Amino acid sequence: MDFLTQCRSVVGAGHVLEAAADMAPFLTDWRGRFTGRALAVLRPGSVEEVAALVRACAEHRVALVPQGGNTGLVLGSVPDASGAQVVLSLARLNSVRQVDPVNRTMTVDAGCILQQIQQAAAAADCLFPLSLAAEGSCTIGGNLSTNAGGTAVLRYGNTRELCLGLEVVTPQGEIWSGLRGLRKDNTGYDLRDLFIGAEGTLGIITGAVLKLYPQPKASITALAALPSPVHAQQLLVLMQDHCGSSLTGFELMSRYCLELVAQQFPQLAQPFGEPHAQYVLLELSSSESEAHAVGLLERSIGAALERHVIGDAVVATSVSQSARLWQLREHIPLAQAKAGKNIKHDISLPVSRIADFIAVTAPQLEAAFPGCQLVCFGHLGDGNLHFNVAPPAGISNEDFLANQEQVNRLVHDSVVAFGGSISAEHGIGALKLDELAHYKSAVELNMMRAIKAALDPLGIMNPGKIL
């Protein structure tokens, strides 16, 4: 039996896509920068079918690319240009298997859309706190495979911290069921953490046990205007001292970010009459009451004003006002896309070094590429910046993107000098292979290769990604 005939016998001919038009949505990355080729797109409908397809891939030495919502940003979920790989879509594995409000857990298929999981948790009067711009289309399997971050990492952690157990199909086509809703389990190596963040290179996540939290009684949002990133760091410390774990969001945005949003989306109201150098969007959640959250926020903002940490602030007094403030933050990537191409950097730094990093790196970029525009925003509370560089006025996107290697080297050298990481939440995929090889130590890379070789000796799991 040839390979594709074997696949059809597992999932049915209707779920083995071979026509170019049928495969097209699975072959191009989220940003539209690269389109690969595939032998076929396979759409299993159960964990057992995933395992059978993987066994077929191993038998015929066919490499496979696991794919969830295909919303990744580093070319990790699309095949290469060879046409010899298959895409294995988890989209049909989309059931919420169980919600346990007493244990505060939810067991789900890997193909569940993140928003679906949020809604299922809310229906049980619980909260699943992972929140991303792509939450209407990304899947939890992809979130786990990339250890996705988002806007609530400050309070709840990355996706890794929100997962208690996994179900995984190994490169040999075996099913490892680690779907245990335990917060304590010291019985050997933590296999779960091997697969989270591995981008499908060690196995295929097919299910997960997720942590749930009590729904907050109230959430309050404010936008603060500040003179510098140093003041933003000071505001973060002040808010943490005053509010503790009630502080659930702390997003930094430069003046140019909001100017870009105003240019591309003029219908979004700008909250301040005069521009400021930096802005912080912060969110407080209270388990007590709205009055408690409002009082806590007002006292904290008052203290920040008295100490001249901030120059002005707007506090949302309704859900709709809060949504409008968050729209300013959420529309920054959309405004960038409408304005043209830019060179993106998803970096992390110790929170205490962020202001110094910006103060040093921004002038270096200006000196090397006069007139370039810095789109600097991100999750300051957990040390994650999106440090994107747009072309100077009058320079075409293509001409500026020709400098990508030099821009990346300048930014990433500075990141490493300040004790940071070249990838905070997007992963490595195929896009950052060379950068990882440049900055990771030989010891780290050799340990990673040893793990890959031990678990996937045939090298069929998402080859060409990470390593």
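In this predicted model, the lining of the second largest pocket draws at least two residues from each of three helices, namely α7 (191-195), α15 (433-439) and α16 (442-455). Among the contributions to this lining, the largest share comes from α16, which supplies four residues. The space inside the second largest pocket amounts to about 980 Å³, and of the 43 residues that line the pocket, those closest to its centre are Gly197, Ile428, Leu436, Lys440 and Met448. Sorted by class, the lining of this pocket consists of 17 nonpolar, 17 polar and nine charged residues.

Helix α8, which spans residues 229-243, packs against helix α10, residues 290-306, at an angle of about 140 degrees, and the axes of the two helices lie 10 Å apart. Because angles count as roughly antiparallel when they are over 145 degrees, α8 and α10 are described as oblique to each other. The crossing in which α8 passes α10 is right-handed. On the α8 side, the contact is made by Leu235, Leu238, Met239, His242 and Cys243, which meet Leu296, Leu297, Ser300, Ala303 and Ala304 of α10. The residues of this contact between α8 and α10 comprise eight nonpolar and two polar ones, with no charged residue.

Helix α8 also has a contact with helix α12, residues 354-368, where the two axes come within 8 Å and cross at roughly 170 degrees. With that angle, α8 is therefore roughly antiparallel to α12. Here Pro229, Val230 and Gln233 are the residues of α8 that meet Ile354, Ala355 and Ile358 of α12, and the contact divides into five nonpolar residues, one polar residue and no charged ones.

Another helix pair is formed by α9, residues 255-264, and α11, residues 319-339, which pack at an angle of about 70 degrees with their axes 8 Å apart. This angle means that α9 is roughly perpendicular to α11, and α9 passes α11 in a left-handed crossing. From α9, the residues Cys257, Leu258, Leu260, Val261 and Gln264 meet a set in α11 made up of Leu328, His331, Ile332, Ala335, Gln336, Lys338 and Ala339. By class, the contact of α9 with α11 holds eight nonpolar and three polar residues, together with one charged residue.

Definitions and conventions:
Residues numbered from 1 in each chain as written. Predicted model: local features only at pLDDT ≥ 70, side-chain atom pairs only at ≥ 80, totals over all residues. Heavy atoms only, no water. Axes fitted to C-alpha atoms, helices over the stretch in contact; angles between N-to-C directions. Parallel < 35°, antiparallel > 145°, perpendicular 65-115°, else oblique. Left-handed = near helix turned anticlockwise from the far one by under 90°. Contact = heavy atoms within 4.5 Å. Nonpolar A, V, L, I, M, F, W, Y, C, P; charged D, E, K, R; others polar. 1 Å grid on protein atoms, 1.4 Å probe; cavity = no way out; pocket = protein on both sides within 12 Å on 5 of 7 lines; lining within 4 Å. Points joined across faces, edges and corners; volume = space filled by probe spheres on them.
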